[in-house]
Amino acid sequence: MSEQREDLQRIVSTLANKKDEIFNFIDILKQTIRNVQVNSSNVFHELDKEFDALHSVLDEMKESMANTIQQERTEKIQALNNQLGQCSSALESSEELLECATTILNIKNPMEFSKAARQIKDRITACPAFRICLKPTISDNMSHLMVDFTLERQVLQALKFLPVPKVPEINTAACLVADNCVTVAWKMPEEDSRVDHFVLEYKKTDYDGLARVKDEQPWEVIDYVKDYVYTLSGLKFDKKYMTVRVQACNKALAGDYSDPVTLETKAFVFGLDDTSSHLNLKVEENYVEWDPTGGKGQEKAKGKENKGSGQYPVLKSNKRSGASPKRTSASRSAAKSCRDRFTGESYTVLGDTAIESGEHYWEATAQKDCKSYSVGVTYRNLGKFDQLGKTNSSWCIHINNWLQSTLSAKHNNKSKTLDLPITDRIGVYCNFDGGQLMFYNANSMELLYAFKTKFTQPLLPGFMVWCGGLSVSTCLQVPSVVKAFQKSVNGLNSSTCSLYSVPVMPIERSHC
């Protein structure tokens, strides 16, 4: 009995100590809960501070992180409350067993005490208090949910106004003027990843360098150029030069413009001289159309206009600035013709600008229903009854779509039928100094025919139209394919007199 009493006393003492430990642990759990509350509040406070610094941009992130903290707080409190409930239940059970044990210890009858002691001993041994872990299953540490935007704040504090982009430099060596296109290339003095796009500006001028005040033209603007090169296509070169400049832009502002660069834009500029045209031709700027009723009712008025004038008419003045040959205003006394206008079956109109030197190119496009037309050049002495190609001072390509379609080259009243596809667009290349006159299919740039001679007088572009109309395209450069062909021709010319791969019509004063 004494041994059993000692064992029971030891167990009771252990249980009492465990009870104290549980009380202490309960205090720890409660403090842990308070700490979770305080720490989570601190986390929210720090979180609020950080997100307040970043304002509305970070609101969505703040909400997400707040939900994470709330979820972890709820999970921790739930786990701690579960542990607290287990401890409270074990404590109640321990108190009940202690009361029973105290009652049994007061039993005086050995048999009764022994029986009761065995029962209470088994109950005490199986008491939940001995199976409880007296360590919080959840830590009150919430520091892993703290936020620190120090680096991000430094980045934000380092933000300043976007720097003004540097001034681009136009790479004149990489710029190209060809085929009525201008390719402008530029570079930055140093790499700048913040440049978003470029603005290219250009304007036409007759001056090499900065334009004079009287010639000041507004800049044409090409915006949002993403690359370091841009090609201006489909241009009409009615001026001798083109001035270009470029500026770099980021998303906020633009830098200064580059120094303007002037590019030479050689081209042949002329108009149609309506004072020379046949009365049955209706001339409007660079368009001529056959009008079968044009001569009727106008002859009397035209006769009055031209009364007393039996010579070649004075070429009309034109205020447009030309890139090539000067516009002539030949005096009546210098003219070799005895006509005022083309007449009879010479349905012809001439250009108002003479070619006296250099290389030039222009094109003529026929209407689909045009029955007959010629495109060529002539000296000023073409008579009013003369037709292009039927004199020794005129050369042309003639296309006949009446009854049957034929393509022929004409000069000095000689005709050479060409076995080539009919085209509605003819290009004319004239190298006055080199004595070369070439006609091209302007759609395919196939050479139709070439004349070789020595031009002794200024040349005028000439056009004949019957039953239809022609559009004349001026302000054109010599195409690059023509220039390339000329190089190959010059190579052949150095060793042989056979210049071209197509027949060359023999004409007076022809030479190799």
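Student: Where is Ser94 found?
Tutor: The model is a predicted one, and in it Ser94 belongs to helix 2.

Student: Why is Ser94 called buried?
Tutor: The relative accessible area of Ser94 is 1%. Buried means under 20%, and therefore Ser94 is buried.

Student: Which residues does Ser94 contact, leaving aside its neighbours within four places in sequence?
Tutor: Apart from those neighbours, Ser94 is in contact with Leu15, Cys127 and Ala129.

Student: How are two packed helices described?
Tutor: Their description rests on the angle between the axes and on the distance between them. For helix 2 (residues 59-105) and helix 3 (residues 110-125), the angle is about 165° and the axes are 10 Å apart.

Student: What is the direction of helix 2 relative to helix 3, roughly parallel or roughly antiparallel?
Tutor: Angles over 145 degrees count as roughly antiparallel. Since the angle here is about 165°, helix 2 is roughly antiparallel to helix 3. The crossing of these two helices is left-handed.

Student: Which residues of helix 2 and helix 3 make the contact?
Tutor: Helix 2 contributes Glu96, Leu97, Cys100, Ala101, Ile104 and Leu105. From helix 3 come Phe113, Ala116, Ala117, Ile120, Arg123 and Ile124.

Student: How many aromatic pairs does the count come to?
Tutor: The count comes to 14 aromatic pairs.

Student: What makes the aromatic pair of Trp395 and Phe455 edge-to-face?
Tutor: The planes of Trp395 and Phe455 have 90° between them, and planes over 60 degrees apart count as edge-to-face. Centre to centre, the two rings are 5.4 Å apart, while rings pair if their centres lie within 6.5 Å. The rings of Trp395 and Phe455 therefore form an edge-to-face pair.

Student: Why does the pair of Trp395 and Phe455 tie together parts that are apart in sequence?
Tutor: Trp395 lies in strand 15 (residues 394-400), and Phe455 lies in the loop between strand 20 (446-452) and strand 21 (460-466), so the pair ties together parts that are 60 residues apart in sequence. Trp395 is buried at 2% relative accessibility, and Phe455 is buried with a relative accessible area of 8%.

Student: How do you know that the pair of Trp402 and Trp466 is edge-to-face?
Tutor: Between the planes of Trp402 and Trp466 there are 80°, which is set against a limit of over 60 degrees. The pair is thus edge-to-face, at 5.6 Å centre to centre. Trp402, in the loop between strand 15 and strand 16 (406-411), and Trp466, in strand 21, are 64 residues apart.

Student: Why are Trp402 and Trp466 called partly exposed?
Tutor: Buried means under 20% and exposed means over 50%, with partly exposed in between. Trp402 has 43% relative accessibility and therefore counts as partly exposed. Trp466, at 25%, likewise counts as partly exposed.

Student: Which residues do ring pairs link into a cluster?
Tutor: Phe268, Phe270, Trp362 and Phe463 are linked into a cluster by ring pairs.

Student: What is the phi of Asp179 near?
Tutor: Phi of Asp179 is near 55°, a positive value in a residue other than glycine. Most residues other than glycine have a negative phi. Asn180 also is not a glycine, and its phi is positive at about 55°. Asp179 lies in the loop between strand 2 (176-178) and strand 3 (181-187), and Asn180 is found in the loop between strand 2 and strand 3.

Student: What makes Asn180 count as buried?
Tutor: Asn180 has 9% relative accessibility. The limit for buried is under 20%, so Asn180 counts as buried. Asp179, at 37%, counts as partly exposed.

Student: Why is Asp148 called exposed?
Tutor: Exposed means over 50%, and Asp148 has a relative accessible area of 57%, so Asp148 is exposed. The place of Asp148 is in the loop between helix 3 and helix 4 (150-158).

Conventions: Residues are numbered from 1 along each chain as its sequence is written. This is a predicted model: local features need pLDDT of at least 70, side-chain atom pairs count only at pLDDT 80 or more; totals for chains, interfaces and linings use all residues. Side-chain values use heavy atoms; hydrogens and water are left out. Axes are lines fitted to C-alpha atoms, for helices over the stretch in contact, and angles run from 0 to 180 degrees between N-to-C directions. Helices (H or I, at least four residues) and strands (E, at least two) are DSSP runs, numbered from the N terminus. Angles under 35 degrees count as roughly parallel, over 145 as roughly antiparallel, 65 to 115 as roughly perpendicular and the rest as oblique. A crossing is left-handed if the near helix is turned anticlockwise from the far one by less than a right angle, and right-handed if clockwise. Contact means heavy atoms within 4.5 Å. Rings of Phe, Tyr and Trp (its six-membered ring) pair if their centres lie within 6.5 Å; planes under 30 degrees apart count as stacked, over 60 as edge-to-face and the rest as tilted. Buried means under 20% relative accessible area, exposed over 50%, partly exposed in between (1.4 Å probe, protein chains only).
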